[in-house]
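Hi,

Here is the structure I promised to pass on.

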Amino acid sequence: MTLALCFHHVTPIGGEHATVPERFHDHLNELRRAGFGFVDFDTFSRTRLSGRRLPRRTVLVTTDDGYADNWYWAWPVLRDLGVPSVFFVITGSIGDGSIRNVAYEGTRVVVPDHEGGDGRFMRWSELRALHRTGLVSVQSHTHLHTRRVGADDKEKLRVLGEDISTSCERIETEVGLRPLALAWPWGQSSARTRSLACELGLHMQFTVTPGGIGPWSSSRLMSRLCADERDTAWLLDQARRITAPLIGDAYSIARVCWNLARQAHTRRIGTAAGAA
């Protein structure tokens with residue numbers, strides 16, 4: 001059973017969808033001390049697509065969106081601990097410009113150069129540098145990060161297809177490697193949108209439904225545990241539960257079924273409202 005973790009912001013400021021760097025370090029360090037091992041995306045994807053199994057207590061670390069604080073604060077922790085990770089980036093938000101060589105003054109980051117794109121997000125130059133380390137895999141979180149509830153009619157699927165294609169092409173052009181994975185914005189997808197993503201080469205798709213990834217899991221709908229704002233004791237407890245034999249399998253299957261039923265209910269409500 002593999003546990004995929006999802007983080008968003010890593011910043012001393014904390015706040016919604018955020019983890020302070022010290023806690024981020026503690027999460028990863030304590031997982032390792034508890035006997036969990038970290039897997040890089042290439043190994044994870046090859047193993048999944050070949051039908052083989054990873055060791056039971058395996059962790060895949062992921063971050064969503066591509067915020068600049070992942071470069072300032074998350075990357076130094078990942079580098080120092082030697083933990084591989086996946087950065088799912090919103091390609092339409094990633095900026096241009098040179099690598100920002102930051103200085104740290106306590107909990108404050110001093111960034112001397114702000115030109116090039118939205119300062120809240122990373123730059124392509126930084127993502128290329130991370131990719132070259134071999135510790136970070138850059139994958140797609142779509143191009144515009146638009147909500148996709150009810151995106152099953154022909155026109156909406158066409159627009160979604162263009163968005164995903166643009167994201168994949170941009171990553172391939174800027175980083176030099178075409179992505180194989182997609183993290184759905186807000187975890188929202190349907191059978192049709194997942195099939196569309198597969199047709200575009202994204203055979204590994206992730207949601208944000210808590211649970212583990214077992215041999216029975218569909219590679220089109222893989223669970224992740226969001227650890228934003230959580231303490232390390234909670235994370236260790238969840239990790240042990242999710243990766244426990246039988247119990248973790250039953251829990252994960254139940255959560256996936258519940259999430260699919262909820263999405264189907266949401267689509268029915270949307271269809272009924274449209275008809276009215």
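Threonine 142 sits in the loop that links β9 to α5 (154-175). The phi of threonine 142 is near 75 degrees, which is positive in a residue other than glycine. Threonine 142 counts as buried, at 1% relative accessibility. For that scale, buried is under 20% relative accessible area, exposed is over 50%, and partly exposed is in between (1.4 Å probe, protein chains only).

Before you go further: this is a predicted model, in which local features need pLDDT of at least 70 and side-chain atom pairs count only at pLDDT 80 or more, while totals for chains, interfaces and linings use all residues. Residues are numbered from 1 along each chain as its sequence is written, and side-chain values use heavy atoms, with hydrogens and water left out.

Glutamate 229 also has a positive phi, about 65 degrees, although it is not a glycine. You'll find glutamate 229 in the loop between β12 (225-226) and α7, and at 48% relative accessibility it counts as partly exposed.

Now the whole protein. There are eight helices and 12 strands, and buried residues make up 52% of the 276 residues. Taking contacts (heavy atoms within 4.5 Å) between residues at least 6 apart in sequence, 69% join residues at least 24 apart.

Next, helix packing around α1. Two packed helices are described by the angle between their axes and the distance between the axes. The axes are lines fitted to C-alpha atoms, for helices over the stretch in contact, and angles run from 0 to 180 degrees between N-to-C directions.

- α1 (residues 21-33) and α3 (residues 68-81): the axes come within 9 Å and cross at roughly 30 degrees, so the two are roughly parallel (angles under 35 degrees). The crossing is right-handed, meaning the near helix is turned clockwise from the far one by less than a right angle. Pro21, Phe24, His25, Leu28, Asn29 and Arg32 of α1 meet Trp73, Ala74, Val77, Leu78 and Leu81 of α3. That contact has eight nonpolar, two polar and one charged residues. Ala, Val, Leu, Ile, Met, Phe, Trp, Tyr, Cys and Pro count as nonpolar, Asp, Glu, Lys and Arg as charged, and the others, Gly among them, as polar.
- α1 and α7 (residues 232-243): the axes come within 9 Å and cross at roughly 35 degrees, and this crossing is right-handed. Arg23, Asp26, His27, Glu30 and Leu31 of α1 meet Thr232, Leu235, Leu236 and Ala239 of α7. By class, there are four nonpolar, two polar and three charged residues in the contact.

Then there is α2 (residues 41-50), whose buried residues are Phe41, Phe44, Ser45, Thr47 and Arg48. Seen down the axis of α2, they fall within an arc of 165 degrees, so they line one face of the helix; the arc is that of the directions from the helix axis to the C-beta atoms. These buried residues pack against strands including β1 (2-7), β5 (58-65) and β6 (85-89).

Last one: arginine 52, in the loop between α2 and β5. Arginine 52 is exposed, at 52% relative accessible area. Leaving aside neighbours within four places in sequence, arginine 52 is in contact with Arg46 and Thr47. The C-alpha atoms of arginine 52 and proline 215 are separated by 7.9 Å, with the two residues 163 apart along the chain.

Cheers

Conventions
Helix = DSSP H or I, 4+ residues; strand = E, 2+ residues; numbered from the N terminus. Parallel < 35°, antiparallel > 145°, perpendicular 65-115°, else oblique.
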